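The questions below go through one model, strand by strand and helix by helix.

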Number of protein chains: 2
Amino acid sequence: MTELVFVGLGLHDEKGISVCGMEEVSKAQTVFIELYTSLLPDFSKEHFEETVGKKLHLVTRRELEDENGRVILESAKNGRTVLLVPGDPLIATTHITLRIEAVKHGVKTRIVHGASILSAVIGLSGLHNYKFGKTVTLPFPEETYSQTPYEVISQNKKHGLHTLCLLDIKTEQKRYLDIGEGLASLLAIEKERKLKTVTPETLAVGIARAGNLKPLVRAAYVKDLLDYDFGRPPYSIIFPGDLHFMEAEALIVLANGPRELKKAAK
Amino acid sequence: MTELVFVGLGLHDEKGISVCGMEEVSKAQTVFIELYTSLLPDFSKEHFEETVGKKLHLVTRRELEDENGRVILESAKNGRTVLLVPGDPLIATTHITLRIEAVKHGVKTRIVHGASILSAVIGLSGLHNYKFGKTVTLPFPEETYSQTPYEVISQNKKHGLHTLCLLDIKTEQKRYLDIGEGLASLLAIEKERKLKTVTPETLAVGIARAGNLKPLVRAAYVKDLLDYDFGRPPYSIIFPGDLHFMEAEALIVLANGPRELKKAAK
């Protein structure tokens, strides 16, 4: 059987994979794993290898992106091959590219989905999924100056929509943009643009360790989140648009949000 | 331990739950399950009960929504209780409401995430996550006439964004809005509004059984999807906005899309 199966690892440790995903790992001739596109805070490759009784081949960014996953494709041509991916596979463009390459090489592909940061963060916030607009990633301010995230938040707000901001990570260097840094970079752009998109009085929801055993979700004004200690990564921020009264209630009860939110809600 | 743990079942059968979720089920004093907010096409409650050696209490819509989940909260006050939910828990507002009620009653809550239709459909399409705008649900035309979905698609397109359309379901009656019906209802609104949002020549992606063993993903013009046989539910539709050339490539290679898409891509 020549086949490449993308299997999602979920969000946290060795136990985020589905039962179906575990079966795919046992049946595979070769198992690759990449751990750089997202952070799995408590994942131990060694522990997972012990549990499944199989060696996992760690794939580097170079092998996957610069060499178009050649080593994985060669393996898949010779027998059933699994690629383990943090979160839900095929959200990162890297894996879509690999899947396209596989199909072009005559390799069948399948996907075993896993929990994704996208739905986890939305669920944890208690905000309604159908009220989210476009998602953005906040870049490291020392590397990229971009007003795009600010503009996306601004556009979404204009339409009453929430914005999910993912925060950039460099897993290889263990560098994770934190919530305070992300907010500060948006406040700096606010000073220039003056659209009242992200001011110290703007409501935001900071989320740390979504999908982990002890996530932290806190709704507060930007000024109160700038120096708040959210603990270990990964982090996300949501900027709420217009709030339904049930969403306001969720932010107050589940995220310790300001009680006056209820008055502003519809 | 008085606690309520929401555990996601993923998208398909008894094996979509995570290893962590299985452990929660084994440790729980009482396990509830609801199967009406989404369709798990091949899930067998009996088979799952055999695997875990525990009885699952099926919760009805009435118990969860009209009675505010009283039976679940009473159980959680008396010992560790799990509620199994299709997909990723806390995406449906019903479960957010239950979580708020639990916290108000002094019951601790935790979440074990599962694969969600939201990220699964995006991953299967090969389209880029950060280019999706607001999500909509298409209602049953015999029940609700609403121009909102049409307007959301139109607005998203204006900004070059993709739109994910979930299709309404009534699991109790085994009635699932299909892709042809959804497209037809949008074409009817097009006749009135004439914004060229959904015409017979519009590109769309029909997706059946996302997260299942044999999903079907097909990119084509609306006229070619109206009568296309997608097989068993559940279904979704994506209306692409502007296409990056890698997205066009993905639709052609992974979803059998028209080859001329490449010319229109950027």
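Q: In which order do the five strands of the open sheet with mixed pairing in chain A lie?
A: This is a predicted model, in which local features need pLDDT of at least 70, side-chain atom pairs count only at pLDDT 80 or more, and totals for chains, interfaces and linings use all residues. Residues are numbered from 1 along each chain as its sequence is written, chains are lettered from A and ligands numbered from 1 in the order in which they are written, and side-chain values use heavy atoms, leaving out hydrogens and water. Strands (E, at least two residues) and helices (H or I, at least four) are DSSP runs numbered from the N terminus, and two strands pair if DSSP finds at least two bridges between them. The order in chain A is β6-β7-β12-β10-β11.

Q: Which are the edge strands of this sheet in chain A?
A: An edge strand here pairs on one side only. Neighbouring strands of the sheet are turned by 25° against each other on average, direction ignored. The edge strands of chain A are β6 (136-138) and β11 (216-221).

Q: At about what angle does helix α8 of chain A run to β12(A)?
A: Axes are lines fitted to C-alpha atoms, for helices over the stretch in contact (heavy atoms within 4.5 Å), and angles run from 0 to 180 degrees between N-to-C directions. Helix α8 (residues 179-193) of chain A lies across β6, β7, β10 (203-208) and β12 (235-239) of that chain. Helix α10 (residues 245-255) of chain A also packs on the sheet, touching β10 and β11, and its direction makes about 120° with that of β11(A). For α8(A) and β12(A) the angle is about 40°.

Q: Which residues of strand β2 of chain A are buried, and on which sides?
A: In a regular strand, side chains alternate between the two faces of the sheet. Buried means under 20% relative accessible area, exposed over 50% and partly exposed in between, with a 1.4 Å probe and protein chains only. Both faces of β2 (residues 30-33) of chain A are covered. The buried residues are Thr30(A) and Phe32(A) on one side, and Val31(A) and Ile33(A) on the other.

Q: Which residue of β3(A) is the bridge partner of Ile33(A)?
A: β2(A) is joined by four bridges to the parallel strand β4 (residues 81-85) of chain A, where Thr30(A) stands opposite Thr81(A). Three bridges join β2(A) to strand β3 (residues 56-58) of chain A, also parallel. In β3(A), the partner of Ile33(A) is Leu58(A).

Q: How far apart are the end C-alpha atoms of helix α5 of chain B?
A: The expected span is 1.5 Å times one less than the number of residues. The 12 residues of α5 (residues 93-104) of chain B should therefore span 16 Å, which agrees with the model. The end C-alpha atoms of α5(B) are 17 Å apart.

Q: Which residues of chain B does Ser119(A) touch?
A: Ser119(A) has its place in helix α6 (residues 117-125) of chain A. With a relative accessible area of 1%, Ser119(A) is buried. Not counting residues up to four places away in sequence, Ser119(A) touches Asp88(B), Ile91(B), Ser116(B) and Leu118(B).
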